[in-house]
Structure formats: structure tokens, C-alpha cells
Amino acid sequence: MFERVVVLGAGVAGLAASWAAAQRGAQLRLFDGGVGASCLNPGAIDDRPWDEVARSLEVLGQSAKAGPLPDAVRVFVNDLGAWALPEAGQRLMRLCTVSGRVRVARGADRGLLDLSRLSRGARVLVPRVGRAEWNADLLAKGLTHDAFSQSLGMTFEAVDADLLKHGHEGRVSPADLALAHDDPERRSWLCARLGEVLQRAGRADALLLGPWLGLDTAKAPDVSERLGLPVGEALDQVGTVAGLRFEAARERLLGTLDLAIEPARATRVHRDGAELLVDLDHGERVVTDAVVLATGGLVAGGIIYDPPERDATTGLAPSGRAPFMLSVEVPDAVLQARGRPLRVVGSMQGPSLDESAWPIDADPGLLEAVGVRTDGLTIGPQIFCAGDVVADKPRTTLQAAYLGLIAGAAAAGEPGAIAS
Ligand SMILES: Cc1cc2nc3c(=O)[nH]c(=O)nc-3n(C[C@H](O)[C@H](O)[C@H](O)COP(=O)(O)OP(=O)(O)OC[C@H]3O[C@@H](n4cnc5c(N)ncnc54)[C@H](O)[C@@H]3O)c2cc1C
């Protein structure tokens, strides 16, 4: 049993690891160096890469049913309270992207509209709102022509609406508008305006809005209940409201564990006999029994793209080396991609990213594959690893949660406590 556990990184993996270790009585410290993928993800929650799921459904003609998830993942997600996940055997979610396509997902932030709950022939209203990120007419046209909507005779219709209360609301960020709807009074005002839209429009089965319905928690369920029909948001692009809602949910969950994120970047993990030492960028040295490395991939800066030509002046780099490095020095850590350690493939000018970075069929591309080589989730004695920083694992939210739970339990001295 390791009593003291340090978790590096507070994305989904680090949060899940902290949750699992705290439940096993570990004394925890959780450090995070900034924003990562979990805070930039617009709100779709997958176990496997969604395009792979969509392709399988198309090719094999399988029904779009949710598969089972490990119990621990379900309990963790439930405690977090930010995401909706259909039960095993229920239909997979169908989300509307702001670019006018419908995509499949294993789950989603609670604010997003799930088309899988609507019946054949459903009519979805898309209110016109004067904001740069929202073109209701174009969106409605794209969504109506999507193959999923066509197969169910689902239509999307842009309708006039007056949902901005103040002139500046057309210009503020989506997060600011979402924050306004945390206020119950403002939400009542919104419901009244949406009620008018529904009255004018006649029959409607759902309302699709932008990512504006609550920042602290998703307020779409409340608005839906008040209006008596599903109201939800479209899936936005990088780094918007769902990420901020994840941050708020994370803070609440950590509060229940009596834990707070300590804002610091780890620079080095090293050993001193049976103990581990973690050096932080502000100079502190933490002594611990176990470390969970959940520092994320390239998006989070947990893995850094550092090609050797950076050292070149007018000619070639002075020597070849691996083009990636970890944000923190960790004993025994070896980076690998597609099953090959990067020290073997070190070169003078780094990889040809135009050839290797992009996903092709089942290959996610170099930038999504690169990570730390692990034995199980262990890098070395007392050092565990989870989430996007692990090499060659799907970079999805539920995968990060699952690996985090396993690593957290193992760091607290209960390896194998989390069943698959
Ligand atoms: C734009 C975008 C869209 C996505 N879409 C989907 C999707 O549709 N479905 C899906 O399932 N998944 C999606 N993902 C992937 C999913 O969000 C990630 O797989 C998951 O959040 C990874 O969690 P993590 O905890 O491993 O890493 P992260 O959330 O990246 O967390 C790592 C944390 O470690 C911190 N850190 C890094 N180095 C250090 C250090 N040295 N010391 C201390 N802290 C450090 C970082 O600041 C960061 O906060 C998306 C990701 C992005 C970016």
C-alpha cells in the first residue's frame, strides 16, 4: 500500500486517478500545469474513436447500440455528473455538429441535444440568433441533408427568435452567454422567448441552440423540462463551453474528496531509495510513494514536439534524436509510437509530418499515437501512467477515465482493483 500519491495532470485521466486513489485512502496531491484536451473537448464522449465506430456501423450494418462500460467508469462518470451516457443496449447518441453534420457518440456533455431520442419524422427548430458562430439557416440545411436525418425523415428548420437580451450579447464569447443562463431569472426569460418561438412554429419535436446554456452546469435539461420538449446545444469546435463545464464539475468532484488542484508543472520525477521525488517548476520538491503521470498528449503539452532541426543553425542538426519529449523527466520513460520506441527512429530532421501526422483508416496518425511505453500502466516501480500520455491507446475521454481509474487504484496499492 502506497500512502502518499502524487498525480500529475488534472484532465480526465488525472481526475479519475485521484478519485480512485482517494477512495482507497491515499494521501493525495494533484498538480496541473495548464489547460489540456479534457478542457478543450467540445463535449462528445467516446470510448473508441467515433469515426471508427461510425465506419463500423456503416460497413457492418450493425445497429447503433451502446456497448457495456466497466462499472468503475460508470460510477466515476455518475459522481462527476457532467456527462450523459446511454446504458448498454440503448441507442448510441447522435449529436449535431456546428458544421451541419450528425455524428455518433458513446455519450456527451449533458447540454448537448441527442437526436437518437427523437422519433422518425421529427421536426427540429433552429432559432436564428445574431452571433458570429451561428448561421441557423445553413446549419438547418446541412443537418436536414445529413444521411442520418434523411434515413429518419428528420428535418431541421431555421426560425426567427429573439434570444439575446442585450445588444452586446451578439459579440460576447459563447462562454459569457452560457454564464448568463446560469442565472435562473435569465433562464426564465429565455424560456419565455423560446415559448413564443414554439407557439409561432406549430409542431416541433426539439430545439437546437448554440453552446450557450449554462457554464457551471448544463442548463439544457432544465430548459427542456420547462418547455416540455428536448432542448439542447450543438457540438461546437475546440475549447468552448463543455470544457468549462468539465472544469466546474471537476472542481465539485475534487471538493468532495477534499482535494484541490495545485497549479504547478512537474519538471522531474526521480528516486531516493524507496521514495520518489517530484520537482515542481516553482522550486518545491515533493516526496511521495507513488506517482501517476497523466500529463496528456501534444494538445496538453504533456508531450512536446521537439525535432532535432531546432538545434540546427545554417545546416543540419548537430545530431539526430527523437523528435518528441515528455514535459517532465521521468526515470525509465521511453516514448514510442505505433509500437516502436522513438529513440530507435530518431533522425536529423524529425518526421515528415505531412506524411505521418494525419489519420488514415484505423491509423490515428503519429501525433495521436506518440506517448509513453508502458508495461500494463506501469513505467517503472511506483510510477503509473494514464490517459493521452500513454502510447498507442485511443485518445478518447472514456479511455482516459478508465486508464486513470486503473492507475489511481494501482498507485494506492490496489493493482487489478478495476475490472475491464
Ligand atoms: C479538440 C478536441 C476534441 C476532442 N474530441 C473528442 C471526442 O469527440 N470524443 C472523445 O472521447 N474524446 C475527444 N477528445 C479527446 C479527449 O478529450 C482526451 O482523450 C482526454 O480528455 C485526455 O485526458 P487526459 O487527462 O489524458 O489529458 P488532458 O486532458 O490533456 O490533461 C493533461 C493535463 O496535464 C497537464 N500537464 C502537462 N504536463 C504537465 C506537467 N509536466 N506537470 C503538471 N501538469 C502537466 C496539462 O496541462 C493538462 O491539464 C478531444 C480532444 C480535443 C483536444
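Visitor: Which ring does the charged end of Arg 193 sit over?
Guide: In this predicted model, the charged end of Arg 193 lies 5.0 Å from the centre of a ring. A charge counts as sitting over a ring only if it is within 6 Å of the ring centre and within 35 degrees of the ring normal. The ring that Arg 193 sits over is that of Trp 189.

Visitor: Are the rings of Trp 134 and Trp 212 stacked, tilted or edge-to-face?
Guide: The structure holds 4 aromatic pairs, and one of them joins Trp 134 and Trp 212, with ring centres 5.0 Å apart. Their planes stand at 70°, and an angle over 60 degrees decides the class. The pair is therefore edge-to-face.

Visitor: How many residues apart are Trp 134 and Trp 212?
Guide: Trp 134 is in the loop between β8 and α5, while Trp 212 is in the loop between β10 and α9. The pair thus links distant parts of the chain, and the separation is 78 residues.

Visitor: Is Trp 212 buried or exposed?
Guide: Buried means under 20% relative accessible area. Trp 212 has 3%, so Trp 212 is buried.

Visitor: How are the rings of Tyr 305 and Phe 324 arranged?
Guide: Their centres are 5.4 Å apart. The planes meet at 55°, so the pair is tilted.

Visitor: How far apart do the C-alpha centres of domain 1 and domain 2 lie?
Guide: Domain 1 covers 4-39 + 246-411, and domain 2 covers 93-235. The distance between their C-alpha centres is 36 Å.

Technical notes: Residues are numbered from 1 along each chain as its sequence is written. This is a predicted model: local features need pLDDT of at least 70, side-chain atom pairs count only at pLDDT 80 or more; totals for chains, interfaces and linings use all residues. Side-chain values use heavy atoms; hydrogens and water are left out. Domain bounds come from an automatic or database domain assignment. Rings of Phe, Tyr and Trp (its six-membered ring) pair if their centres lie within 6.5 Å; planes under 30 degrees apart count as stacked, over 60 as edge-to-face and the rest as tilted. Helices (H or I, at least four residues) and strands (E, at least two) are DSSP runs, numbered from the N terminus. Buried means under 20% relative accessible area, exposed over 50%, partly exposed in between (1.4 Å probe, protein chains only).
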